[in-house]
Amino acid sequence: IFLFDSHRQLERHVVGNSEDYVVWPSLAQYASQEYLFYHSFNVLFMEHFEKYGRLPVLGCRPVVREWAQQFLATQADCYVPVTIQLRRNLTNPARNSDFEAWIAFFRYCLANFAARFIVICGRHEIDERLRELPNVIVAKDLGTGIEQDLALIEAATLHMGMASGPGTMAHFGRKPCC
């Protein structure tokens, strides 16, 4: 898996290495910005699961995985580390997380569960109320990038939240997710 900081970097890489890789989605699908989430989950992943009885497992580079384990040991201390992916999308609010429900959930957990929630989202998606909760850590406040967020998902005990974007890492892991 390659991680790119922009579409331009991705496009340069694909054009410069087109003979070395099988690239999906096709150029036509990419150029048309076809939405492939449901096709991926409902067709591609299901076909793979039916054929092999499992999904492939993705893992981060060992050095980044070790960083995530150290991050969780330091930040979660004696609590169960749970990553949470939240979404606040201005262009498609129908796909947003219900922040009122999440805040209520985090408050409920304060008195009922020994969990530390590591929120993974874009800087623009952060709800300021998250920072007021002692059982919530906003990963971006500690300078994480996408590779570190993926490693946190892989290293945490459980992942909750969105099924797309970085949260997809949990679907291809060995730990529980919802």
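Strand β1 is largely enclosed by the rest of the structure, because 5 of its 6 residues are buried (buried means under 20% relative accessible area, exposed over 50%, and partly exposed in between, with a 1.4 Å probe and protein chains only). Helices (H or I, at least four residues) and strands (E, at least two) are DSSP runs, numbered from the N terminus. The model is predicted, so local features need pLDDT of at least 70 and side-chain atom pairs count only at pLDDT 80 or more, while totals for chains, interfaces and linings use all residues. Residues are numbered from 1 along each chain as its sequence is written, and side-chain values use heavy atoms, with hydrogens and water left out.

What does β1 pair with? Strands β1 and β2 run parallel and are linked by 6 bridges (two strands pair if DSSP finds at least two bridges between them). Within that pairing, Ile 84 has Val 119 of β2 as its bridge partner. Strand β1 is also parallel to β4, with 4 bridges joining them, and here Thr 83 sits opposite His 159. Together with helix α5 (residues 99–112), β1 and β2 form a right-handed β-α-β unit; right-handed means that, with the strands pointing away from the viewer, the path from the first strand over the helix to the second runs clockwise.

Next comes the packing. The largest nonpolar core has 18 residues, and those touching the most other members are Ile 84, Leu 86, Phe 106, Phe 117, Val 119, Leu 130 and Val 136. The elements giving two or more residues to this core are β1, α5, β2 and β3 (136–138), and α5 has the largest share, with 5 residues. There is also a second, separate core of 17 residues, with Phe 71, Ala 139, Leu 152 and Ala 155 among them. A nonpolar core here is a set of buried Ala, Val, Leu, Ile, Met, Phe, Trp, Tyr and Cys residues joined through side-chain atoms within 4.5 Å.

Helix α6 (residues 146–155) has its own buried residues: Asp 149, Leu 150, Ala 151, Leu 152, Ile 153 and Ala 155. These pack against α4 (62–75), β1 (80–85), β2 (115–120), β4 (158–161) and α7 (168–171), where contact means heavy atoms within 4.5 Å.

Two residues are worth a look of their own. His 159 lies in strand β4 and counts as buried because its relative accessibility is 2%. Leaving out residues up to four places away in sequence, His 159 touches Thr 83, Ile 84, Gln 85, Ile 153, Gly 167, Ala 170, Pro 176, Cys 177 and Cys 178. Leu 142, by contrast, is found in the loop between β3 and α6, and at 45% relative accessibility Leu 142 counts as partly exposed. Apart from neighbours within four places in sequence, Leu 142 is in contact with Phe 71, Gln 75 and Ile 137.

Finally, there is the open space. The largest pocket holds about 2300 Å³. Of the 49 residues lining it, Ile 1, Phe 2, Leu 10, Trp 24 and Pro 25 are the closest to its centre. Helix α1 (7–16) is one of the elements giving two or more residues to this lining, and α1 gives the most, with 6 residues. On a 1 Å grid over the protein atoms alone, a pocket is an open set of points with protein on both sides within 12 Å along at least five of seven lines, whereas a cavity is a set where a 1.4 Å probe fits but cannot get out; lining residues have an atom within 4 Å of a point. Grid points are joined across faces, edges and corners, and a volume is the space filled by probe spheres set on the points.
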